Each structure stands twice: as C-alpha cells, then as structure tokens.
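Let's take a friendly tour of a protein model, one topic at a time. Have a look at the sequence and the structure first.

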Amino acid sequence: PPSLFSPPPPSLSNAGWYPQLLTNFHARSVAGLSLDNVLLNLLGFVCYSAYNGALFFSESARAAYRGAHGGLDSDVRSNDVFFAFHALLCTVVYALQALRYTRGGQRVSATACLGTGAAAAALAACGGLWLAGECRCVGLDLLRFLNCLSYVKVCTTFVKYWPQIHLNASRRSTAGFNISNSITDLAGGVLSLGQQALDAWLFADVTLVTVRRLPFFPFSCAE
C-alpha cells in the first residue's frame, strides 16, 4: 500500500540542499565544506538513484523483488525517486562548485579517494558481469546487484558526516558550512522513520519496516 504520509516533492529534505549551494555561490568558495563529504555523497546518491529508479521504472526488477519477497511489491514510490535524483543533481552541482571555486587549501583525502574508488570499481565490475550475462557464474542476479547498491548507500550515509565533523573541529569553525542541510536531514530522517512505523501500524503490516525498507533502514531518509 502507498504511504499515507509520504511528503510530496519538494520535501523538507529536498529543500535542505539549497542553503549550502547558495552559501558557496555567494562566497565563490567551498572552504568549510568537506570535499570528502561531497565525494561520498556523489557515490551514495548514484547508488540510491539507480536502486530507486530500477525498482520504480523496471518491471523486471520489480518482478525479481516480488519473487524474492513472497509476492510483496517494492515500496519505492515516486517521491523516493524524486528525492534520489534531486539529491544526486544537487551533489553534482556541489562537486562542480568545488572544481570552480576556491577551496581554502582543502583537498579530498586519500582515504576517501581509495574507499570510493574501490566501491565504485567493485560495483562497476558487478554491473559489467550482469550486463554481459555472466552473472550466474558468480551467483549474481539483478536483485542482488541492486542490494549491493543499497548497501553501499547505507555505508556512505553512515560515514559521510564524519569528515565534516573532523573539518569543523580542526578549523575550530563552521564558517562556510551551512547547518540547514544537517537540520533538514535530521528532521527528514525522524519523520521518515515515524512514517514507516505509523504505516506499519495502520496497515498491520510490519514488513513495511522489516522487509520492504530493509536495505536502507535506518538510513532511508537520513541522506
């Protein structure tokens, strides 16, 4: 069943991207914004957009999901797809700003480069095997590949805030970093988890939390 309380776009979390974009634009600088955070967000939202897009637009992906979950359809809705692609677009703009504007001596760390590079290479290899039709030899099917995307998104969501925290602490300042995105992230995450719990109670269907949203729970909207 569709969610009773899914926020229509533009949602609270969608609006939270713009204050940082405007801060960067007016200052012609990304000093204060962690470039590691931008890189991790880029990887995460590529995965999130691919996962949501496949389970919303692809009938073969939806059929594979139903076959693996006892006939239950994916709970990915249009607002999920909108959020994912909107967030990806905003992250790409952040990255372009980082390339164009002054960075205040900041650079992407070797750890972030290696981590995102390894994850991207692994996903590209898996995707190549699937596209080449060689997935059966390694036990990989479409749904497992999509789940791999979801797990990468969960991992990036878990770690992406720490570079910004470290940067703020090392500079003893939050100048250049707009807190609005973090506030809307927190509010959107709390409301999303509350929505899932309430939907599960109203429909008497705990799978709305335990199965249908499992790949991203509890990070499903704390993007």
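Which residues in helix 4 are buried? They are Ala61, Arg62 and Tyr65. Buried here means under 20% relative accessible area, exposed means over 50%, and partly exposed is in between (1.4 Å probe, protein chains only). Helices (H or I, at least four residues) and strands (E, at least two) are DSSP runs, numbered from the N terminus.

Before going on, keep in mind that this is a predicted model, where local features need pLDDT of at least 70 and side-chain atom pairs count only at pLDDT 80 or more, while totals for chains, interfaces and linings use all residues. Residues are numbered from 1 along each chain as its sequence is written, and side-chain values use heavy atoms, with hydrogens and water left out.

**Helix 4**

- Looking down the axis of helix 4, you'd find its buried residues within an arc of 100°, so they line one face of the helix. The arc is taken from the directions that run from the helix axis to the C-beta atoms.
- Helix 3 and helix 7 are among what covers those buried residues of helix 4.
- Just after helix 4 comes Gly70, which takes a positive phi of about 60°.

**The cores**

- A nonpolar core is a set of buried Ala, Val, Leu, Ile, Met, Phe, Trp, Tyr and Cys residues joined through side-chain atoms within 4.5 Å.
- The largest nonpolar core has 16 residues, and Cys47, Leu55, Ala61, Leu146 and Leu149 have the most contacts inside it.
- Two or more residues of this core come from each of helix 3 (35–57), helix 4 (59–68) and helix 7 (142–159). Helix 7 gives the most, with 6 residues.
- Setting aside neighbours within four places in sequence, Leu149 is in contact with Cys47, Ala50, Tyr51 and Leu123. Contact means heavy atoms within 4.5 Å.
- Apart from this core lies another one, of 13 residues, including Val38, Tyr48, Phe83 and Leu88.

**Salt bridges**

- Side chains of opposite charge can pair when their charged atoms come close.
- A salt bridge is a side-chain nitrogen of Lys or Arg within 4 Å of a carboxyl oxygen of Asp or Glu, and by this rule the count comes to 3.
- Arg66 and Glu59 meet in a salt bridge at 2.6 Å, N to O. Arg66 is partly exposed, at 27% relative accessible area, and Glu59 is partly exposed too, at 48%.
- Asp73 and Arg62 meet in another, at 2.5 Å, N to O. Asp73 sits in the loop between helix 4 and helix 5 (78–100) and Arg62 in helix 4, so the pair ties together parts that are 11 residues apart in sequence.
- Asp73 is partly exposed, at 24%, whereas Arg62 is buried, at 14%.
- Asp73 also forms a salt bridge with Arg66, with the closest N and O atoms 3.6 Å apart.
- Put together, Glu59, Arg62, Arg66 and Asp73 are linked in a network of salt bridges.

**A buried loop residue**

- Val30 belongs to the loop between helix 2 (18–27) and helix 3, and it is buried, with a relative accessible area of 0%.
- Leaving out neighbours within four places in sequence, the residues in contact with Val30 include Asn24, Leu35, Gln97 and Tyr101.
- Val30 and Gly176 are 146 residues apart along the chain, yet their C-alpha atoms are separated by 6.7 Å.
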